[in-house]
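Biologist: I'd like to get my head around this protein, starting with its aromatic rings. Can you walk me through the model?

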Amino acid sequence: SAPLLSWYFGRLSVIGPVANVLATPVVALLQPALFLAMVLAPFPGAARFVADAAHPLLVAFDWLATASAAVPGASVGVSPTLTTAVLSAIGAAAIISACVSHFPGRAIAIAASAVVAAVWLPVLPVRHTGTMELHILDVGQGDAVAIRTPRGLWLLFDAGKGWRSGDDGRRVVVPYVRTRGGSVAALFLSHPHNDHIGGVASVVFALRPRAVYDGAYLGRSESYERSLAAIARKGVPWRRVRPGDSLSVDGVSVVILAPDSVWVSTIGDANEASIVALVRFGSVRVLLTGDAEHGEEEWLLRNARERLRADILKVGHHGSRTSSTPAFVRAVGPRLALVSVGMGNTYRHPNAETLRGVAATGATVLRTDREGTIVVRTDGRRIEIRSGDDWWRLSPEAHRP
C-alpha cells in the first residue's frame, strides 16, 4: 500500500511493517468475532454478547495503532506525486525481495535508496520561474490563498476549514504545496474563524513555515487555540501584524493595511478584524481582504485609500452582502475579482447583488465553486489566469476613475 498512501496522503510509513506484524495476532481473533456478530444481527442478544466479547480486542488494536503512530519518525512526509509513488513501489518491491532472498544486501540497498529519494524529493531546489503565482485553492466554503514567489517559496494566507476528523490543511493545502515543491516562507492568519484557520495546525506540523503573522483578534475559538498550540510546539516564530508592517520575499512584497488595534478594540466581530494585505510584484498589485466587512472597508477608505488600488481583488467574506461596498470596490478598481466559496453552501454565498456591483466596475469575476482552484500568474506586467484547464491572458488595464 506504500505507493497509494504516498500518492494520496503524502505520507510514507516507516513503522507500518512492524506495526502490522504486532497487530496481526489481534486481527486474526478480532475479524472472525466481528463477522460472527454481524451474522447474529437478527438475534440482538447473541450479537451483543459477541460484540462485547470483541471489545477488548478492539481496544488492543486501537492501542497498537496509536502507540505506533506516536513513535518519533513513525511516518515521514513525502511529495504526493507520481514520481514518489513509483519510488515507494520500488522500495516496497525491494523489501519483499529482501525478505525472500538468500542474499538480501542489494535489495535492502535499493529499498533504502528509494525511501531516501522519496523523502528528500520535496526539499530539492525548485525551478526558478521568474513569475509570481497566486493560487486561490478550492477548499469549499472557506479560504486558503497561496502565493508562490519567483524562486519557489510560498506565502500562505489561511488554510481552510477544520472538522472533527480532518481539515483542509491536511486534505488540500499540504498536498498542494508538496506536489509543487518549495518551503513556506510565511503563513498569515487572517482572523480566528474556523473556515479560515481550521487547517492551520496541520500546515504548521507538515510544512513548518518560517514565521506566522497574525491579526491577533482576541476571541474564543477552538481552531485558533489549536493553531497557536501547534505554532508553539513547532517553535515557529509568531508575530502580530499592524498597519504598515511589510515583508519582502524574492521581489514579492506584502504590506499590511489592517487591522488597526484601536479599531479592533471597538468591534465585536472577528470578520471586521481581518488581515487586509496588499501584495505587489512589479507593477501588479493584489489585495487580499480575508472576511473584511463594511465596517473595516470604511476604516480602510478613511485611513488607507491611496493604497487600495489593485489589479486583483480577493473579494471579502466569500462575496457576502456584508462586504464589497460600491465605494470600496471603486477605490480598489480591480481588473480581476476572485471569490473563494463553496458550492451550494448554506450561507447562500456569494450574494448576487454584491457580484453585480463588483462586475459593474469592469472586473472579471471568477469563483472557486464554478472554476475549482484558480491560478493567476504574472511577470510583474502581464497577467495570465488558469481557470479549469485553460490558460488565458487578462486584457490590458483600462483607465477607470
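Biologist: Is Phe157 buried or exposed?

Modeller: Keep in mind that this is a predicted model, so everything here is computed from it. Buried means under 20% relative accessible area. Phe157 comes in at 7% relative accessibility, so the label for Phe157 is buried.

Biologist: How many aromatic pairs turn up in a search of the whole structure?

Modeller: Let's look at what the search gives. Phe157 and Phe188 form a stacked pair, with 4.3 Å centre to centre and 5° between the planes. Phe157 sits in strand E5 (residues 154-157) and Phe188 in strand E8 (residues 184-189), 31 residues apart, which makes this pair a link between distant parts of the chain. Phe188 also stacks with Tyr213, at 5.0 Å centre to centre and 20° between the planes, and for the whole structure the count of aromatic pairs is two.

Biologist: How many residues apart are Phe188 and Tyr213?

Modeller: Both Phe188 and Tyr213 are buried. Phe188 belongs to strand E8 and Tyr213 to strand E9 (residues 212-214), and their pair links distant parts of the chain. The separation is 25 residues.

Biologist: Let's go to the core. How many residues are in the largest nonpolar core?

Modeller: In soluble globular proteins, nonpolar side chains tend to be buried together. Here, Phe157 shows up again, as one of the residues touching the most other members of the largest core, along with Leu134, Ile147, Leu155, Val254, Val279 and Leu338. Apart from that core lies another of 31 residues, including Trp299 and Ala310. The largest core has 35 residues.

Biologist: What share of the residues in the protein is buried?

Modeller: The protein has 401 residues, with 14 helices and 20 strands. Its accessible surface comes to about 19,900 Å². As for the buried residues, they make up 51%.

Biologist: Last one: how far apart do the centres of the positive and negative side chains lie?

Modeller: There are 41 positive and 32 negative side chains. For a sense of scale, the C-alpha trace spans about 75 × 55 × 40 Å along its principal axes. The centres of the two charge sets lie apart by 5 Å.

Notes:
Residues numbered from 1 in each chain as written. Predicted model: local features only at pLDDT ≥ 70, side-chain atom pairs only at ≥ 80, totals over all residues. Heavy atoms only, no water. Core = buried A, V, L, I, M, F, W, Y, C linked by side-chain atoms within 4.5 Å. Buried < 20%, exposed > 50% of the residue type's maximum accessible area, 1.4 Å probe, protein only. Helix = DSSP H or I, 4+ residues; strand = E, 2+ residues; numbered from the N terminus. Areas by Shrake-Rupley, 256 points an atom, 1.4 Å probe, with all protein chains shown as cover. Lys, Arg positive; Asp, Glu negative; His and termini not counted. Charge placed at Lys NZ, Arg CZ, Asp CG, Glu CD. Phe/Tyr/Trp six-rings, centres within 6.5 Å; stacked < 30°, edge-to-face > 60°.
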